[in-house]
Amino acid sequence: MAAASDSNSDAMKFETRSVHAGVDIDTTFNSCTTPIYPASTFYWEDLETNKGFDYTRSGNPTRRALEDNIASLEGGLSCRATSTGMSAVLTVLHLFQPGDHIITGHDIYGGTYRLFAEIFTKMGYQFSFVDMSDTANVQAAITEATKAIWIETPSNPLMRLVDIAAVVEIAKAKGLTTIADNTFLTPYLQRPFEMGVDLVVHSTTKYLNGHSDVVGGCVVSKSEEHAEQVDFLVNSLGLGNSPFDAWLVLRGLKTLGPRMEAHQKGAMAVAKFLESHPQVDRVYFPGLESHPQHELAKTQQKGFGAMLSFELKGDKTDTERVCTKTRLFLLAESLGGVQSLICSPDCMTHLSMEPEARRKAGITTQTIRLSVGIEHPDDLIADLKQALES
Ligand SMILES: *Cc1c(COP(=O)(O)O)cnc(C)c1O
């Protein structure tokens with residue numbers, strides 16, 4: 001059967017690999033989709049021979065199909081799918097040790113911030129949280145102990161960009177490892193490995209799965225050395241994604257390209273509408289010319305994505321009014337699903353940061369974040385309009 005090897009070819013286009021890479025593996029019944037293998041253990045033929053899997057914590061065929069798919073899409077050598085996005089972050093932190101210093105953004109994902117600032121700091125790791133939209137701050141934060149730079153771009157929720165190539169250049173000069181959390185843009189819209197990044201992490205909970213019905217994560221490696229270490233860590237720490245969840249993410253991935261196109265189209269329309277609305281103070285969306293890093297977004301990204309935030313005029317009661325009056329935009333945390341979501345980072349997603357850290361990151365009581373789904377842009381705009389004017 002030629003299909004499996006041909007369709008996994010890196011020469012194929014992104015959309016084709018989304019549908020096929022890793023998927024065509026069932027030679028038992030020639031199933032056209034990947035079977036779910038819930039087995040915890042796999043039998044051996046003799047003391048030397050098994051079929052490549054022995055125990056699901058260390059590896060599982062359904063999970064492997066997902067891992068091969070993501071590795072292909074991200075352009076990495078190998079991927080390990082984890083139980084959540086946070087367990088992907090946790091895995092990467094174990095590549096380092098107490099005493100090591102890691103530089104990251106002051107406006108990174110709230111859960112990542114909490115893991116760094118509260119848990120790993122206690123264990124003796126050192127972190128600098130700097131405004132990475134200015135690369136000079138990254139350079140200035142480097143110490144003798146610095147081992148890595150953690151990049152998240154665009155940042156959450158204010159959509160500040162990090163110049164990946166510039167940060168990689170700084171890192172390479174000092175022999176530092178770079179890690180990019182590519183959750184917000186996905187490999188369809190941003191290619192960290194092509195800019196020299198060493199490791200990519202995702203919360204597959206978001207766009208990669210895309211349907212708000214699973215939690216998962218992954219770590220993608222570019223070098224053999226990192227691939228081996230990550231494989232060892234995910235197995236040793238017991239962080240692998242369940243076969244059922246892996247199967248769901250794999251199904252979601254098949255439509256990643258078309259979904260991202262629909263997401264972006266809606267986000268651009270919504271951003272333009274909000275920018276012209278009298279109750280909106282400012283809109284944070286890299287696709288708008290008013291975004292201070294619009295030019296960087298145009299060169300670094302293949303699109304502007306579908307996450308955006310805005311500052312509402314008024315006070316917290318206005319924020320509450322708008323957030324509770326939308327009908328299509330559900331008031332919920334998380335992002336990246338086909339349904340649109342609205343939230344207040346100050347009260348919801350970023351509550352794990354100290355109020356002071358939230359203010360330093362530019363989050364106010366008036367900041368509202370949207371995850372624009374794939375509904376028709378006209379309906380989304382009408383929904384926001386009635387909520388703003390309610
Ligand atoms: C959601 C998210 C995470 C954490 O992922 P979970 O699947 O919720 O554990 C990490 N980074 C970013 C950018 C995220 O949006």
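How are α4 and α5 oriented to each other? The views below come from a predicted model, in which local features need pLDDT of at least 70 and side-chain atom pairs count only at pLDDT 80 or more, while totals for chains, interfaces and linings use all residues. Residues are numbered from 1 along each chain as its sequence is written, and side-chain values use heavy atoms, with hydrogens and water left out.

**View 1. Helix α4 and helix α5.** Helix α4 (residues 85-93) packs with helix α5 (residues 110-120) at an angle of about 45°, and their axes lie 10 Å apart. The two helices are therefore oblique to each other, a term for angles that are not under 35 degrees (roughly parallel), over 145 (roughly antiparallel) or 65 to 115 (roughly perpendicular). In contact, meaning heavy atoms within 4.5 Å, M86, V89, L90 and L93 of α4 meet G111, T112, L115, F116 and F120 of α5. By class, this contact of α4 with α5 has seven nonpolar, two polar and no charged residues.

**View 2. Strand β1.** Strand β1 (residues 78-82) is mostly covered, since five of its five residues are buried, where buried means under 20% relative accessible area with a 1.4 Å probe, protein chains only. S78, R80 and T82 point one way from β1, whereas C79 and A81 point the other way. With strand β7 (residues 217-221), β1 pairs in the antiparallel sense over five bridges (pairing requires at least two DSSP bridges), and C79 stands opposite V220 in β7.

**View 3. Helix α10.** The buried residues of α10 (residues 243-253) are P243, A246, V249, L250, G252 and L253, and they pack against α2 (14-20), α3 (61-74) and α11 (256-275).

Methods: Axes are lines fitted to C-alpha atoms, for helices over the stretch in contact, and angles run from 0 to 180 degrees between N-to-C directions. Helices (H or I, at least four residues) and strands (E, at least two) are DSSP runs, numbered from the N terminus. Ala, Val, Leu, Ile, Met, Phe, Trp, Tyr, Cys and Pro count as nonpolar, Asp, Glu, Lys and Arg as charged, and the others, Gly among them, as polar. Buried means under 20% relative accessible area, exposed over 50%, partly exposed in between (1.4 Å probe, protein chains only).
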